[in-house]
Amino acid sequence: MIDHVSRIQARFELRAKEGRKLLIPYFTAGDPKPENAVPMMHAMVEAGADLIELGVPFSDPMAEGPVIQRAMERALEYNVSLRDVMAMVAKFRQKDSETPVILMGYLNPVEVMGYTEFAQAASKAGVDGLLTVDIPPEEATDYVAALKAEGIDRIFLIAPTTSEDRIKAINDASGGFLYYVSLKGVTGAGHLDVKAVQDRVSTIRTLTELPVGVGFGIKDAESAASIASAADAVIVGSVIVKRIEENLDSADNAIKAVSELLSDMRQALDA
Amino acid sequence: MAESETEVKYHQPDERGHFGVYGGLFVAETLMGPLTELRLAYEKFMQDKDFLAELDWELQNYVGRPSPLYFAERWSKELGGAKIYLKREDLNHTGAHKVNNTVGQALLAKRMGKTRIIAETGAGQHGVATATVAARLGIECVVYMGAVDIQRQAANVYRMKLLGAEVVPVTTGSATLKDALNEAMRDWVTNIDDTFYIIGTVAGPHPYPAMVRDFQTIIGREAREQIQQHEGRLPDALIACVGGGSNAIGLFHPFLDDKNVAIYGVEAAGDGIETGNHAAPLCAGKPGVLHGNRTYLVEDENGQIIETHSISAGLDYPGVGPEHAWLKDIGRAKYVAIDDKEALQAFHDLTKIEGIIPALESSHALAYATKLAPTMDKDKIIIVNLSGRGDKDIHTVADIEGITL
């Protein structure tokens, strides 16, 4: 048994017991510079993050809006690779052995490394889960087996258009939590319909035992709190990356801006 | 009709879009619903007599099919080997094979009740072919095109605008075809309720590789009949250029069970494979996953997609249709590469010797014919797919040769 297998589950169970919701921030590893990543992760935990979703840069991020696309391009200026991102997690683990970390990205870098080799390296680095946007469960048999063997949770997206049959199939392939995409479109887009999200999440809950996180389109403390009323976790991405983009010249200022945003969200979630 | 001598007929893909290990359906969850809807509509209408009759009528009366199979006699003599026939897709309405597919998909969009069409384009041929059928059917049309391609294909951009399409420049990534495809996918995922995405090649998630192929096999079905009328037999070899690979699969597919017909797909070697500046995933790439399917890609050791290079915008793409990946692996087709210079030479040769200005894309196939034909006897037959006309490329060619138009 590997000691970090249940880090994600443990965190969800802890928060559920406390009656609190998880706050899950996303940022792109290596944006704007590789050395900023680990300090940013620690600062996020300090500001109230429960789980960190670390974006793996990819040259063709088809599901991302312009904000995260630009973040990935900045990281790719430094050729930040999947292996580099895992090294960042390993470094983060030197000081933080409790906060779960999942990687979010696209399949090809994992595919090129090989599923088993990735899973072993990820487990060794202290990665808890993997979300690749472009692998549906139908294509994921080998992928799921390889990750399971190393205790890496498989996070899949559920969309507003996902049928109940598919939700069941996704649930079967998943571990850790289910990630409900709260709107059609790319990351950072559009306006949220909170009532529609609540309805969908209650349907999803009838089909799974896993906790449900909601992401895409959460812009501030207020929308985080209203989404949290329906979910176990809120996932916040583009708005954080935007703060980083507004402070490209100063890592300290970026950390400060992101910390303020997360503290506000944390307070709103706990209120 | 000469029937195949093989016992097992070629039948790909499987019901989930796999050509062996290639193809499949690798997209974000939001697209799974719309892709299922598309697959069901495609499966239904490809069996529907009314739909097929409407498609036939459009291909005959709007596109101008069948396209001739032309014996390039002077050029064949000059090369001193096999007889070369050209499948004249350049004579189609809009000047390339692309329209075979856009007519098919647009009719499907209409039957599905979609009111908005989007497309990506590289050279602009697919964009023009999409804008054309959108105008014909009175459907709103948005075309995504890399900013770099917009520069080198200004005439096609203007054509699309004349046809009433909105052309959206894409500046992310390498600002070429792959980035236009990313952007079109983003549009589709945002507007899935009313929008139909017409992909221009045999790549992308299932059912696109199979569907686009089925619309393009008209090329090979006609050529198969025509060559038997001209020569009383099947050809010895087929040659077509491969970017995404739609004109090639269109020609090849009806011959796949004819084991005596050699098949050559010609990729763009750009400045030369050894320079790394090429667009030849089958010749110099590795398998991976991009744009919804598993296939050969031009990528680095970390799985990042590398910027490709070709003189021809239509071949400037880091991936290739999954069926070509499969045909390569099983050895049914051979994939070779032709560099910019060789393509340019063939462009000039065909123009001067036959009075036909070929597209730079098609010039890659022609250039390979100049290598293959002399190695074959004079009674052998090659069919080259002349997939498009070269009028769109005269500025590129003039530029390279230091001529200001």
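The model is predicted. Between the chains, an area of about 2800 Å² is buried, and 3 salt bridges are counted. The second largest pocket has a volume of about 380 Å³, and residues of chain A and chain B are among those closest to its centre.

**Interface of chain A and chain B**

- The contact involves 35 residues of chain A and 35 residues of chain B.
- Carbon and sulfur atoms give 50% of the area buried between chain A and chain B.
- One salt bridge joins K178(B) to D60(A), with the closest N and O atoms 3.0 Å apart.

**The side of chain A that touches chain B**

- At least two residues each come from α3, α5 (107-113), β6 (157-158) and α8 (164-173) of chain A.
- α5(A) gives the largest share of this side, 5 residues.
- By class, this side of chain A has 19 nonpolar, 7 polar and 9 charged residues.

**Second largest pocket**

- The pocket is lined by 24 residues, of which S59(A), L76(A), G173(B), K178(B) and I305(B) are the closest to its centre.
- K178(B), listed there, is also the salt-bridge partner of D60(A).
- α3 (66-76) of chain A and α8 (177-190) of chain B each supply at least two lining residues.
- The lining divides into 7 nonpolar, 10 polar and 7 charged residues.

How values were computed
Residues are numbered from 1 along each chain as its sequence is written. Chains are lettered from A and ligands numbered from 1 in the order in which they are written. This is a predicted model: local features need pLDDT of at least 70, side-chain atom pairs count only at pLDDT 80 or more; totals for chains, interfaces and linings use all residues. Side-chain values use heavy atoms; hydrogens and water are left out. On a 1 Å grid over the protein atoms alone, a cavity is a set of points where a 1.4 Å probe fits but cannot get out, and a pocket is an open set with protein on both sides within 12 Å along at least five of seven lines; lining residues have an atom within 4 Å of a point. Grid points are joined across faces, edges and corners, and a volume is the space filled by probe spheres set on the points. Helices (H or I, at least four residues) and strands (E, at least two) are DSSP runs, numbered from the N terminus. Ala, Val, Leu, Ile, Met, Phe, Trp, Tyr, Cys and Pro count as nonpolar, Asp, Glu, Lys and Arg as charged, and the others, Gly among them, as polar. Contact means heavy atoms within 4.5 Å. Buried area is the accessible area (1.4 Å probe) that two parts lose on being put together, summed over both. A salt bridge is a side-chain nitrogen of Lys or Arg within 4 Å of a carboxyl oxygen of Asp or Glu.
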